[in-house]
Amino acid sequence: MSSENAVGLKLSGLLNIHKREGMTSRQVVDRIQKLVKPAKAGHAGTLDPLATGVLVVCIGSATRLIRFVQEQPKEYIGEFILGKRSDTDDISGNVTATPDCPRLTREQLEICLPALTGMIAQVPPQFSAVHIDGQRAYDRARRGETFEIQPRTVEVHELELLDFEFPRFQLRIVCGSGTYVRSLGRDLGEQLGVGAIMTSLVRTRIGTFHLSSAINLDQECSLESITTQLHNPASAVAHLTQYECNERELLHLSQGRKLECHPDQIPADSQLSEIAVITPKGELAAIAEWNRSLNQLSPRQVFFQPAS
């Protein structure tokens, strides 16, 4: 085995990538995959080709943590234009103009924001990756099929109007997993009776991963440079309750044994049954299930490997 392959086998961590416009999330992963193979690579949350910004790529054993990154809050800056509609809910689709669109004010738009904040029912775009009868919605839409997508409950934590100059406006959105930003713009436009489409989108944050510290794939990228940019897998579970174990407990974890905990070692206000078990060196040892009545942590995913 070559030295590069040997390094690839040991790689584990997360990359904070600044995805550029026109590139698919899959293309980003494929480029990273070529560098780190035979280690696996996968992204935690798709960005459409139109969108730019933070794309977290998990490598090696950290691919088992993708769902934890996906469930963290995401922040976006989206730009929209009123008085237009499209079959994709953004500027990339077939755009039509609203006849005799009235000149709306900032105040009229702001009044509509509370209705799109909190837990809301949202219909994903026709051109989206949701499954309809076992097929991707965008595949059916491209074939010109007529179909209905049922509303889904999503959470919008914050919705702020940053800028308004009719017909254009800019929003800052902090939302949970599964939220379509272009659908927010569409629904805002429909509340106003004129329609709206998204013209650009930047994802500025996923959890603790910020755009300001993302790396650019346009720059020279190599296995060596990727290795120096890897984030600790523990960063994927920063939102979970943390339990720092000792060396004896690490051995127990590697053997699949449960950990006996004192009640005070897990915060009483912890609402999550999943606990991130951290080594004395600050690395992720395991994801464990907390049984409060028995004061036990049962390992569900173990990442720690004792030195051979």
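Accessible areas here come from the Shrake-Rupley method with a 1.4 Å probe, and for residues only the protein chains shown count as cover. By that method, the accessible surface of the protein comes to about 15600 Å². Carbon and sulfur atoms hold 48% of that surface.

This is a predicted model: local features need pLDDT of at least 70, side-chain atom pairs count only at pLDDT 80 or more, and totals for chains, interfaces and linings use all residues. Residues are numbered from 1 along each chain as its sequence is written, and side-chain values use heavy atoms, with hydrogens and water left out.

Start with the whole. The protein has eight helices and 19 strands. These are DSSP runs, numbered from the N terminus: helices are H or I with at least four residues, strands E with at least two. The C-alpha atoms fill a box of roughly 75 × 50 × 40 Å along the principal axes. Of the 308 residues, 48% count as buried. Buried means under 20% relative accessible area, exposed over 50%, and partly exposed in between (1.4 Å probe, protein chains only).

Now go inside, to helix H6 (residues 181–191). Nine of its eleven residues are buried, so H6 is largely enclosed by the rest of the structure. Among the buried ones are Arg182, Arg186 and Asp187. The buried residues of H6 pack against S4, helix H4 (106–112), strand S7 (118–122), strand S10 (152–165), S11 and S12. After H6 comes Gly193, with a positive phi near 80 degrees.

The ring centres of Phe80 and Phe169 lie 5.1 Å apart and their planes meet at 15 degrees, so the pair is stacked. Rings of Phe, Tyr and Trp (its six-membered ring) pair if their centres lie within 6.5 Å; planes under 30 degrees apart count as stacked, over 60 as edge-to-face and the rest as tilted. Phe80 sits in strand S4 (residues 74–82) and Phe169 in strand S11 (residues 168–175), 89 residues apart. Both Phe80 and Phe169 are buried.

Strand S12 (residues 196–206) holds Arg203. Is Arg203 buried or exposed? Arg203 counts as buried, because its relative accessibility is 1%. Leaving aside neighbours within four places in sequence, Arg203 is in contact (heavy atoms within 4.5 Å) with residues including Gly45, Lys74, Glu75, Tyr76 and Leu211.
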